[in-house]
Amino acid sequence: MSEQAKPKILIVDDEQHVLNSLFRTLRRDFEVFLALNGRAGLEILREQEVAAILADQRMPEMSGVEFFSAARTLQPGAVRVLITGYADIEVAVRAINEGQVFHYLNKPWEPEDLRIIMQRAAEHYRLVRENQRLLRELEIANQQLTGENRVLKQEIEKHYHFEQVIGRSPAMLKVIELVKKIIPTDTTVLLQGETGTGKELIARAIHYNGPRQKKLFATQNCAALPDTLLESELFGHKKGAFTDASADKKGLFALADGGTVFLDEIGDTSPAMQQRLLRVLQEGEIRPLGSTATIRVDVRIISASNRDLYAAVRRGEFREDLFYRLNVFPITLPPLRERREDIPLLANHFVRKYAMRMGKRIGGISAEAMTILVRRDYPGNVRELENIIERAVVLADPGDEIKAESLQAEALAPVAWSGAEPVSTSGTPSGTLKETTAALEKQLIVQTLEKTKGNISQAANLLGLSRLGLYKKIDRLGVKIKR
Ligand SMILES: Nc1ncnc2c1ncn2[C@@H]1O[C@H](COP(=O)(O)OP(=O)(O)OP(=O)(O)O)[C@@H](O)[C@H]1O
Ligand SMILES: [Mg+2]
């Protein structure tokens, strides 16, 4: 036991001389508090935090066990030791079984036994406390690491993955011009456009080219989380604000102070969340869940929606006042079908990107393949084109160009996936195990791709595969599109 502070203990016994002798035995090792009955004992517990309590079972007003159950509500952590006479054994054993008592000590007791029992009790208390403290520290350290991780990841992203915005169509040139104008400002931006048109790419470009680039770009998909979690992600929480909140947590708005918060899929927020966001935008202050204090933050807000947000306002699904706060500077990204002239540029850009990433030399795209690419439809817009090229680069022979055949991954259109006959898992399956497994795999892949609307990354994630792994399976299993 450490030299500095002796552990505190409380002793309750109705006989003064017993109390005295207990005190003499224990005072060398402990700071001892004494009480002649349960009531007085509880008084002491209201003021002193003790490591252990020693109480006699036989006391006139309140028995030892009764006293313990009251003491427990005041100091649940204190280790309880009962002094018993011969006739109390049954009570003592029951109390131990019910968790009321840590140990019992029979009369007459040996001073040395008593000292050891109480030392053990205090040590137990210290270890439990230390354990709790370490757990808390670990949790706080984890949170800090998560925050730092985010910053580091972002740094890496900035160096290696910072993508250019590609496009020379009039529609894209207009977008790029708008982006250049707002980069040096703090203006709130609303990005709209169909899925895969490059909203997040533009949001990053605004942040990483502007005066806030040294601070965090924090992105949050507002559709991905239930309200309480979303609120805690964005605004943080105090320890105990809800069941799982075991330590304080900083929210994205606070982490991104001086930087940018990207609110993705803003159209999917609940009315309650919309109201909270409105308050943040109006006041420039956030209040962590469970906290009474507000924090001033300086963040630039960029939000995005792939649904027409104003239409949602008219339908009464999105708050009009919030819409106007977000829509200070609207930018709408045109769908790829309205800028087909960008397709060759984008396609070549993605070939270079994936060839480099896979360490493969690719001699461009054949004329025939390019014609197919320019003509086809892209409901998934640029992301869909990117997926097709990534797959084609996987399939291409090293040194060769991208050929039309490797695009018969027409398969990648997000509608009407096919190629899998429904496989019945009940009854007697026909075919070899290998055939049946392949058919099942195919069916599962098709279903997953349907679910993710052709988004390969998401599908790979759901299936527990890498993107490359999924592409290989798609190819091997012959997943195709019905036209
Ligand atoms: N103009 C462009 N130049 C280069 N790459 C682009 C361009 N537009 C989009 N991309 C790429 O296409 C992919 C999809 O873009 P992004 O994630 O920004 O789309 P989004 O509009 O946010 O889609 P969603 O609404 O589905 O979230 C990304 O990998 C992005 O880098
Ligand atoms: Mg996006």
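**Which domains does the shell around ligand 1 draw at least three residues from?** They are domain 2 (166-334) and domain 3 (335-413), each of which gives at least three residues to that shell. Keep in mind, as you look through these close-ups, that this is a predicted model.

**View 1. Here is the neighbourhood of ligand 1.** Count the residues surrounding ligand 1 and you get 17, with Ile166, Thr195, Gly198, Lys199 and Val382 the closest. Two elements give two or more residues to this shell: helix H7 (199-209) and helix H15 (381-395). Sorted by class, the shell holds 7 polar residues, along with 5 charged and 5 nonpolar ones.

**View 2. Helix H7 turns up again here, this time for its buried residues.** As a reminder about helices in general, an α-helix has 3.6 residues a turn, so residues three or four places apart point the same way.

**View 3. Strand E4 (residues 79-84) is largely enclosed by the rest of the structure.** Why can we say that about E4? Because 6 of its 6 residues are buried. In a regular strand, side chains alternate between the two faces of the sheet. In E4 both faces are covered: one side has Val79, Val81 and Ile83, the other has Arg80, Leu82 and Thr84, and all of these are buried.

**View 4. Strand E4 has a parallel partner in E3 (residues 52-56) and another in E5 (residues 103-106).** The pairing of E3 with E4 runs over 5 bridges, and Ala52 has Val79 of E4 as its bridge partner. To get from E3 to E4, the chain passes through helix H3 (residues 64-74), making a right-handed β-α-β crossover. E4 and E5 are joined by 4 bridges, with Thr84 standing opposite Asn106 of E5. The chain goes from E4 to E5 by way of helix H4 (residues 89-97), and this β-α-β crossover is right-handed too.

View 5. Most residues other than glycine have a negative phi, and most peptide bonds are trans. Glu265 has a positive phi, near 55 degrees, and belongs to the loop linking strand E10 (260-264) and helix H10 (271-283). Asn381 also has a positive phi near 55 degrees, but its place is in helix H15.

View 6. Leaving out residues up to four places away in sequence, Val393 touches Val351, Tyr354, Ala355, Met358, Lys360 and Ile362. Asp321 is 72 residues from Val393 along the chain, and the C-alpha atoms of the two are separated by 47 Å.

Note on methods. Residues are numbered from 1 along each chain as its sequence is written. Chains are lettered from A and ligands numbered from 1 in the order in which they are written. This is a predicted model: local features need pLDDT of at least 70, side-chain atom pairs count only at pLDDT 80 or more; totals for chains, interfaces and linings use all residues. A residue is near a molecule or strand if its C-beta atom, placed from the backbone, lies within 6 Å of it. Ala, Val, Leu, Ile, Met, Phe, Trp, Tyr, Cys and Pro count as nonpolar, Asp, Glu, Lys and Arg as charged, and the others, Gly among them, as polar. Domain bounds come from an automatic or database domain assignment. A residue is buried if 20 or more other C-beta atoms lie within 10 Å of its own, exposed if 12 or fewer, and partly exposed in between; C-beta atoms are placed from the backbone. Two strands pair if DSSP finds at least two bridges between them. A crossover is right-handed if, with the strands pointing away from the viewer, the path from the first strand over the helix to the second runs clockwise. Two residues are in contact if their C-beta atoms, placed from the backbone, lie within 7 Å.
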